[in-house]
Amino acid sequence: LCCECGQFHLLLDNHLYNFQDEVDDELICHICLQPLLQPMDTPCGHTYCFKCLENFMQEYNFCPMDRKKLSFQQCHKSSLLVRNLLDKLIVFCPFKAECQQTMQRCELEAHLQNRCPGLKKYKSELQRKKNPISKGKEDPPTKVETNTPKDPEVPSGGSSLVAESSAAAVVSLGTAEPGLVNPAFEETEEGENLIQKCNYRTSLVAETTTIEIHREDPEEELGMRIVGGKDTPLGNIVVQEVLRDSVIAADGRIAPGDHILEVNGVNISSVTHCQAVSFLRHPGPVLHLMVLQEKGFSNKTAQQDSASATNREVIHVTLIKRDRSEPLGIKLIRKTDEAGIFILDLLEGGLAAKNGKLSRNDRVLSINGQDLRQGTPEAAAQIIQTTESKVNFVILRQPGVQLSDAVEDGSTSNNSSSSSNGGSPVHHRRRLEQNHYRRKSNYQKGYASHEKTVAIKKEPKESLGITIGGGRDNKNKLPIYVTSVQPIGCLFRDGRIKRGDVLLSINGIDLTHLNYYEAVSALKSNAASHSVILKALEILSLNSTEPSLDIKEQGFSWSPLWITWLGLPSYLHCCQDIVLSKGNLESWGFSIVGGFEESKGNQPFFIKTIVPGTPAFRDRKLKCGDEIVAVNGVPAIGMSNSELIPMLKEQRNKVTLTVVSWPGSLV
């Protein structure tokens, strides 16, 4: 507690005051957005707090406002008139509960030391706490250190993992010889590797947390996509995506990359993908989830800190709400190893995303003049929600962080569908350039694909009676697939085309490269003829013991399970190149599983973990469950884990990953 202002702040930071009235903009520091303290004038005519300017000039050599070249020695104290005006600003006593007095700012210190009953009460309570009767201390969160990163083993009950709400598990990733681009490449029991390159010792922090989700409608879907399962190289069940405006999104505690360990007390860390989907789709008003959440690396080297400090930039952003209730579309988080609030994500179509000036991983210094350097996401949300119109952000941009991409027009989820017997207009779009990466892959764990040709005689006005989803304009660049077969069309009567079938062609017209609207148009135009020949791919489950999910999907938007996409032949895979860049001391920030093994043969490489605060996390394009097809153009199929890892180690500052991304199963 500061004896001068009566509030909590870091020793090197400015004092904090509660002003009675709104302070004139001319008396505000444009670095901290607070009324000036010990004001300093620059030669270019701007005024800042002494401490704000001193801290700023330690990192930069220009004026924060006009970016003219500047040194601290050129600045001088503001005039006595300005300093007197600031000292006479009226402030509240910070101990409002015991003292309702107001006074000039320059009188507050004397008030606190000599007259304030609130500070006296605080000091006496502090003195009592210093000499309590010892009753033992609460156990700290459990920490485990090991030189080989391993997936956490989850007991069936799970209670030993959780102390009250959470327990931390720290995995040390070290290297024996300084200078080697090694650490984190030691294989785990599952062959998982964290793609990291650095020459210092660090720790990757993960935390298990129990989360209680409440649903007003017990049948309502949670609104997240999952990948993994014991029948895949991923092993664990991993959250791939959280859908906007869903139950999970509203709760805000689960994020992409979290590993789900338990559902309502049932251990799902070693169940198949279908079994996990079945557990998570089980209806109920309350859902108890135990999740493992990556928290990032726990410490940084001095070199990293100085390197990151050199290029940081203070940016002012103003967002204008149409009314008080309009959301900004920003997700805010706290980090375990850095104070303050950071932007985790900008929701697609939201006010912040449309504005384009805020970026993921920006640190929020203040909102509407209120200092949030030591604040919480809840405090920031309260300020935003109570603001009528203008929301003024001051943010600190970290090095290597790019502005978020513009919102893609029409990148809808793969649940979009259209009936072939409707009369809605078709909006043609420019065909997107596709990057098809032909490769040999026979990985069809649990599923196999079977091509079939269906020839049908029909009345010209009779509809096919199907709805479709997917399309190469979809964000996952999916093939066209059947989402439902209506009981009014000729395909229902024939019975050979089923929900989930991938449509390859109609009357000789290839559908595999079309976007959604082009496919709808092709199906409608060819449905007008007397005969239709459809080629389709049926994906068959090879495991008859898996639970039937069709029964449990009532109330859920239907889309194929993630694991069924893995059974598609490679000519239907649509790859994309993701380019990651990093500094010399940074980790790539993702772990992989899979590859060739003598006992299992060829398996794809999958992204299992993406570590917060790393290049892979900041880029936002790579997702858990993505399959790595090639590295810098070199095919990964047939490689073992020990062959692919050195290839990734050799890439110093830039790597191009060719990946196939399938949407996770919706729960």
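1. A polar contact is taken here as a pair of N or O atoms within 3.5 Å, where, within protein, one atom must be able to donate a hydrogen and the other to accept it, and where residues adjacent in sequence count only if both atoms are side-chain atoms. The model is a predicted one, in which local features need pLDDT of at least 70 and side-chain atom pairs count only at pLDDT 80 or more, while totals for chains, interfaces and linings use all residues. Residues are numbered from 1 along each chain as its sequence is written, and side-chain values use heavy atoms, with hydrogens and water left out.

2. On confidence, pLDDT being the predictor's confidence in each residue on a scale from 0 to 100, the chain has a mean of 75, and 75% of its residues reach 70 or more. Confidence is lowest in strand β7 (residues 166–173), with a mean of 28, and highest in strand β2 (residues 39–41), at 94; strands, at least two residues of type E, and helices, at least four of type H or I, are DSSP runs numbered from the N terminus. Residues 133–191 stay under 50 in pLDDT, and the model gives them 121 contacts beyond four places in sequence, a contact meaning heavy atoms within 4.5 Å. Residues 400–442 are also below 50, with 110 contacts in the model beyond near neighbours in sequence. Where pLDDT is low, the predicted coordinates should not be read in detail.

3. Turning to the polar contact itself, the side chain of His259 makes one with the side chain of Asn236, at 3.1 Å. His259 lies in strand β12 (residues 259–263) and counts as buried because its relative accessibility is 4%, buried meaning under 20% relative accessible area, exposed over 50% and partly exposed in between, with a 1.4 Å probe and protein chains only. Not counting residues up to four places away in sequence, His259 touches Asn236, Ile237, Val238, Met290, Val291, Leu292, Lys608 and Thr609.

4. Strand β29 (residues 590–593) runs antiparallel to β30 and is joined to it by 4 bridges, two strands being said to pair if DSSP finds at least two bridges between them. β30 also pairs with strand β31 (residues 627–631), in the antiparallel sense over 2 bridges, and here Phe606 has Glu627 in β31 as its bridge partner. Because 6 of the 6 residues of β30 (residues 605–610) are buried, this strand is largely enclosed by the rest of the structure.

5. The largest nonpolar core has 70 residues, and those with the most contacts inside it are Met224, Ile260, Leu289 and Phe590. Another core, of 35 residues, lies apart from it and includes Cys2, Leu53, Phe56 and Tyr60. A core of this kind is a set of buried Ala, Val, Leu, Ile, Met, Phe, Trp, Tyr and Cys residues joined through side-chain atoms within 4.5 Å.

6. Trp662, in the loop between β33 (654–660) and β34 (665–666), counts as buried because its relative accessibility is 1%. Its C-alpha atom is separated by 10.0 Å from that of Gln240, although the two residues are 422 residues apart along the chain. Leaving aside neighbours within four places in sequence, the contacts of Trp662 include Gln240, Asn476, Trp562, Trp565 and His573.
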